Structures are given as structure tokens and as C-alpha cells.
Amino acid sequence: MEMEAVESNGSHGGADRRTPKRDRRIFWACAFILANNCFQCIAYFAVSTNLVNYLKDRLHEGSKAAANGVTNWLGTSSITPLLAAFLADAFLGRYWTIALFLVISVVAYVVLTVSAAVALESAAFYAGLYLLALGGALQPVLSSFGANQFDESDEEERGRQSSFFNWFYLSINVGSLVGGTVLVWVQSSVSWGLGYGIPALFSGLAVAVFLAGSTTYCRHQPPAGSPLTRVAQVVVAAVRKCGVQVPEDASTLHECEDVDGMSAIQGSRRLAHTDQFRFLDKAAVETAADKAARPASAWRLCTVTQVEELKCVLRLLPVWASGIIFAAAYTQMTTTFILQGDTLDPYVGGFRVPAAVLSVFDTLSVMLWVPLYDRLVVPLARRATGHDRGFTQLARMGVGLVVLTLAMLAAGTLEVARRGVIARHGMYDTNTGAGGGDGRYLPLSIFWQVPQYVVVGASEVFTFIGQMEFFYDQAPDAMRSLCSGLSMTSFALGNYVSSALVTVVARATARGGRDGWIPDDINRAHLDYFFWLLAMLCVGNFGVYLLIARWYTYKKTVDQRPWSTVE
């Protein structure tokens, strides 16, 4: 199969001019990518959502061992995207990386299905599980591959690229909804073998759909070698020249002669010099020794673009760090929200709604907000700000930080009402969530939790999608998959921060024989205080984020002004 390598800015002259035929090609390319992502997510969430029950029921692991098994697997699944992203940017390219890892995921699902159907040893099941952690690591590569289909030098296509990220995230949630509900029901009510066989089928469909779209993928970022090597070269060269003075005129710094605005790094546009992290500019200062040793060693003399690559990554790190507190608050959906819901009245008529099921309202909120944001919010914001995407990516993420604060306040307000019901009815020892008490629910409907789930979903559309778009757009051309993978690790760290926060708060507030904020008997808890604490952390995080956004300098190429100029 012949593939045309087109640089990510579409600067190959007339090869990338917009025509109706090209528009149709982009549409179908995105359709294949979104369908592929949706099928992958259906399969993945079918396994991950109910994994702890499989480990307990079929592999006969204890609750603690099963929980640790799930945690370890999820932690591994958060790191493997970096490996896939590194291979895509450095050696294989995105298309072949996606194809390879899709095949690995199919093998993983087959192993899991066989293990579940014929009750193989746990070693076989875990082998399939960790193969899935590797094969399912494609989200940053796939999102970058899809976004790369658009020509960033075309204003209209740049706007459509922004929409692509919205619909990409929507496809994740559709997959989560189907996999986490319908297929989990099959596992629980029919059989584990069928419950894992259907995800294997969807995994095979994902491969077929991706390959079927091969002729529509019109833009491919060529691999540019190890970005870690280029980063190391800049650091080593700058340290070697620590005594060299950086000239005031940045145009005298070393840069290879360009062809059509491209740099010496394959498939990467030349980056314009920025004044931040001036020490690193020493790596691009051409000394007399460098001139005498032509061509100079890459470990002694680097181009401005190579130096700016490292600067781009360094500027992303504070933004990345701000996502950790957001993720720590967001993950309350799977912990304290459920603890709170376990005590509330779950019945609608004679039908019982488990507390964990209410997370479907978060998914539905995302599915509602994505088209609303794309079709209503962006046009209105565009009129108000004059920005072609409505908001800058930093502004969009900031809105999400504020919205999540409102979700914590909503949860805290409900907790105050819940504690009032407990006090009025004297129901301090009726906690059903921890398995104690007399099994009575509070006379307060569990559906009062719906607003906090809906608000969390709205915050995702602003922050998570904004983060996905931001890390793609602001990464160097040859490091976009890797930087997209980096953005996902803030979510993993947020989970660890949440766990640590719960542990510290529980111990610190339970001194002197007190129940504390988060005791085992949740009806004697002060979850309202914990939610207020999270709200304050969100506010503090937003304050720091404003400083980061004010400090941040947007990436710009030598032939293009930074489009993100509206703060």
C-alpha cells in the first residue's frame, strides 16, 4: 500500500488545496477513525468496568487482591500509551503503530475470551489482560492521527480540526456507555465467555474499520527519530556551552536552511525563537570550534527548532500539572459519589438503581454537551471573542476547572441535606454501603445525585477535550503523539492524588477517637467537609492555572503567527 507523507502543516503547495473531493476524503477518514475508536472503547470498557468481579468470581481472589489487581492493571494501562506514542513519533509513524497495536489488542481479547470460556489458569487470563494494556494504548496516537488529516494552514480546516476532538471524545463516551452497561449485563446475566467474546468481536471490527479507511487517510506525519535523543542533545550542548553568551539577535542562532518552511527534523516545521528558557539557547550558539568542525556534532550544536522543541515541552508541563488536581476531583465519581449514593433510596417503583449506575448521567451529559458546544457555544463565543475556535484552548480548559468546582459544591450541598435527613430520622447506624446497620436506606432519592454527575460531564467537555486539543496543537510536529500521551498521565496521577488525599484526610480527622470525615460508617461521615475541601483545592488550582495561562507563550512557526492570540 502506497502512502503519501504529507507534513502536518500541509505546506506542500497545491497538494493540499481544499476541493470537494478532498473534503469528502477528510470526512470519510474521520468517520473511519471515530468508528474505530468507538469499537475499541466498547471492547475496553466491557472488560475494565466489571474486571474486579471477574477476578473475585472466576479467579476466586479476595476483595483486596482483586482491587489491587485492577489498580495495577489500570496503572499499567496509563503508562503504555507513552510507549505507543514514542514508537509512532520516532520510528513507525502513526498509521503503522495503530495497525500493530490493534492486532495486539485482538490477540489480547482472544486470550481473555478463551480464558473465560474454558476457565484457564489465572496466568493465562493475566497474560491476556496485560496484552490488552499494551494493545489498548492507542488513544493519543489515534487522536493525533485523526487531527493530522486537517490542514492547519487553512482557517476553515483548523476549525473542523477542533470539532474533530469534540467528536473523538464523544466516541469514547458512546463506547463507554455501550461497553459499561450492555456488555457488563451480558457478563453478569448470561456468561463470562460471551461477555468477553463480544468485545473480541468489536476489537476485530475496529481493525477492519481502520484498514478499510486506509485509502482515505491523506496526511501522514513521517517518523522523525527519537525525540528523547533530540532533547538530550539540547541539554548536553547547552551545558557544554554554559559559559557562552547568548547573542541579543536571535537570528544569529544556528538553524538549517529551510525548504518550504520545514526544519532539519523530518516532517517538522521550523519553529520561531522564543525568549523563555534562555539558557537552552546556548545550544544553538555557533562557536568558532563549531565552525571549524563542520559539520558540528549534534551534541555540541543544535538548531533553533530543536531547542524550541524542548521549550515547547517545558511550557506544557505546568499546564499538565494543573490537570492533576482536576483529575483528583473528577475521580470522586467512582469513589465518594458512590459512597454517598449507597445510603440513598435507590428505588424507582419496584426497580433498584445501584449507585454506580448513576455515572451513566455523566456519560449522557457529555453526549449532550459535545454537540451543544460544537454547534451552539462555539458560534456564540466566536462572535464575542473574534477567535476562530470560540475560545483559546487555555480559556476552554479554565472554564472546565470552574465548572468542576461547581460539581464539588453540588455534591457538598447534597451531603448537607443527607446529613440533615440522618439527624431528623436518627439513622446514624443504618449505613448499607459499608454492609453494616439494619439495611435501611435514607428517605432521600438517589436521583438527587444526578445534578452533580451532569455538571461533571460538562466540565469534561471543556477541560478534557480542551486538554486533548491543546497538547496536540502546542506540541512540536514530531512529538505530537508523545505529548498527547503525556496529557493522559495527569489523569492517572490524579487518581493517585485522590487516594492519598482520602487516606490523609481520614487519618487526620479521626484522631482522638472521633469518627472523622470519612469513616467506615458513611452515615457518621462528614463528606460535606471533604467536598468543600475539594472545592477549595479546585479554586486554588484555578488561581495557579490563571498565572500559568498568563505566563504561557503559544508555539509559533517561522511562516505562521501563533493563531491562539486571544486570552
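## Helices α15 and α16

In this predicted model, the axes of helix α15 (residues 450-474) and helix α16 (residues 480-509) come within 8 Å and cross at roughly 150°. Axes are lines fitted to C-alpha atoms, for helices over the stretch in contact, with angles from 0 to 180 degrees between N-to-C directions. Helices are DSSP runs of H or I with at least four residues, numbered from the N terminus. The two helices α15 and α16 are therefore roughly antiparallel (angles over 145 degrees).

Residues of α15, including F464, F471 and Y472, meet residues of α16, among them R480, L486 and F491; contact means heavy atoms within 4.5 Å.

## Nonpolar cores

The largest nonpolar core has 99 residues. Such a core is a set of buried Ala, Val, Leu, Ile, Met, Phe, Trp, Tyr and Cys residues joined through side-chain atoms within 4.5 Å; buried means under 20% relative accessible area (1.4 Å probe, protein chains only). F210, V319 and F470 are among the residues with the most contacts inside the largest core. Its largest share, eleven residues, comes from α15.

A second, separate core has 26 residues, including A43 and Y109.

## Two positive phi values

H60, in the loop between α2 (51-57) and α3 (63-92), has a phi near 55°. H60 counts as exposed (over 50%) because its relative accessibility is 65%.

F277 lies in the loop between α9 (227-240) and α10 (288-292), and its phi is about 55° although it is not a glycine.

## Basis of the values

Residues are numbered from 1 along each chain as its sequence is written, and side-chain values use heavy atoms, without hydrogens and water. Local features need pLDDT of at least 70 and side-chain atom pairs count only at pLDDT 80 or more, while totals for chains, interfaces and linings use all residues.

Notes
Parallel < 35°, antiparallel > 145°, perpendicular 65-115°, else oblique.
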